Amino acid sequence: MGKVIAVANQKGGVGKTTTSVNLSASLAAAEQPTLLIDIDPQANASNGLGIKTRELDKTIYEVLVGNLAVEDAVLTSEMPFLDVLPSHINLVGAEIEIVDVKNRERLLAERINTVRHKYKYIIIDCPPSLGLLTLNALTAADSILVPVQCEYYALEGLGQLLNTISIVRKHLNPKLEIEGILLTMYDNRLRLSNQVVQEVTRHLGEKVCKTIIGRNVRLAEAPSHGKPVLLYDAISMGAKHYLDLAQEILQRDQNRTSTHASIEPAISAVTNATAAVAAGVAPPPNVNNGTNNATNAVVAGA
Ligand SMILES: Nc1ncnc2c1ncn2[C@@H]1O[C@H](COP(=O)(O)OP(=O)(O)O)[C@@H](O)[C@H]1O
Ligand SMILES: [Mg+2]
């Protein structure tokens with residue numbers, strides 16, 4: 001059964017979409033069958049993977065509001081192990097349209113049950129609010145990953161989010177765990193960034209991911225090319241940091257589950273890819289071909 005991770009924070013611009021897209025791509029590069037669900041009406045994650053959502057009539061909207069099966073809305077991507085359930089601007093009205101539906105917070109959880117066995121990871125990119133769409137994601141999720149931008153008001157709103165998590169645990173989803181607080185857009189030239197890291201670590205301790213995502217222009221450029229950063233610039237720091245995050249999550253899951261053997265090749269694949277990126281060379285052949293070809297092309301200067 002796939003593990004469902006909701007990437008959520010009611011603040012906009014903290015790196016939710018960048019994290020959802022690039023964590024999904026990095027898990028897929030480790031040959032983990034991964035589904036990225038875009039539940040933000042802005043559809044930034046879908047668009048960032050080159051999907052023109054306005055032209056689609058089978059999206060998360062029809063899945064939640066209509067009766068469309070998830071399988072019928074899922075699209076494949078450029079990466080062999082990555083599928084996408086795209087969003088649509090129509091989703092703006094969904095919160096109102098489903099307000100009278102019985103168990104309206106559980107719609108997503110129920111709908112994705114039919115595909116959970118197909119994936120190792122299901123990553124949900126949430127909108128910047130704590131409304132019904134985010135509640136659906138938190139009810140469907142095994143864990144929540146919270147991107148926090150390394151800026152002055154980093155911790156603002158986090159109390160409200162933690163409060164929402166405890167309400168969800170109490171009434172909707174007792175098994176919801178905190179995957180981690182992920183520090184994003186870290187700039188080691190800025191004293192402020194370092195202060196934020198210290199401050200967040202002091203308050204949240206072990207809940208903070210070991211991986212810190214640096215500020216990297218390639219991460220901001222990749223979506224306009226319709227690609228995750230691994231396919232846009234595989235040897236960038238952005239690609240390395242998201243491979244590191246995938247490795248951290250894979251390793252933690254390995255320590256938790258008894259199926260050690262099955263996840264080990266994935267960890268070594270992502271470890272090798274991370275090392276290769278750090279060394280400025282293409283990942284080895286045990287990272288899937290889609291990534292490898294793209295990486296080779298980038299390395300060759302194509
Ligand atoms: N690590 C990073 N380095 C540089 N730019 C980033 C980074 N993470 C996100 N961005 C940029 O910051 C903006 C907000 O990020 P995004 O992922 O869309 O946040 P959210 O989904 O929380 O609103 C986007 O323009 C994105 O490209
Ligand atoms: Mg977003």
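The model is predicted. The protein chain contains 14 helices and 7 strands. Its radius of gyration is 18 Å, close to the 19 Å that the globule rule gives for 302 residues, so the chain is as compact as a globular protein of that length.

**Overall dimensions and packing**

- The C-alpha trace of the protein chain spans about 55 × 45 × 40 Å along its principal axes.
- Of the 302 residues in the protein chain, 48% are buried.
- Contacts between residues at least 6 apart in sequence join residues at least 24 apart in 74% of cases.

**The sheet**

- The sheet is open and consists of 7 strands, with mixed pairing.
- The strand order is E3-E4-E2-E5-E1-E6-E7.
- Strand E3 (75–76) and strand E7 (177–184) form the edges, each pairing on one side only.
- In general, the strands of a sheet pair through backbone hydrogen bonds, either parallel or antiparallel.

**Helix H1**

- Helix H1 comprises 14 residues (residues 16–29), which at 1.5 Å a residue should span 20 Å.
- H1 is mostly covered, with 14 of its 14 residues buried.
- Glu31 follows H1 and has a positive phi, near 60°.

- Leu130 lies in the loop that runs between strand E5 (121–125) and helix H7 (132–140).
- Is Leu130 buried or exposed? Leu130 has 21 other C-beta atoms within 10 Å, and the cut-off for a buried residue is 20 or more, so Leu130 is buried.
- When residues up to four places away in sequence are not counted, Leu130 touches Gln10 and Thr164.
- Leu130 and Val146 are 16 residues apart along the chain, and their C-alpha atoms are separated by 13 Å.

Definitions and conventions:
Residues numbered from 1 in each chain as written. Chains lettered and ligands numbered in written order. Predicted model: local features only at pLDDT ≥ 70, side-chain atom pairs only at ≥ 80, totals over all residues. Pairing = 2+ DSSP bridges. Helix = DSSP H or I, 4+ residues; strand = E, 2+ residues; numbered from the N terminus. Rg over C-alpha atoms; globule rule 2.2 N^0.38 Å. Buried ≥ 20, exposed ≤ 12 C-beta atoms within 10 Å, placed from the backbone. Contact = placed C-beta atoms within 7 Å. Expected span 1.5 Å × (residues − 1).
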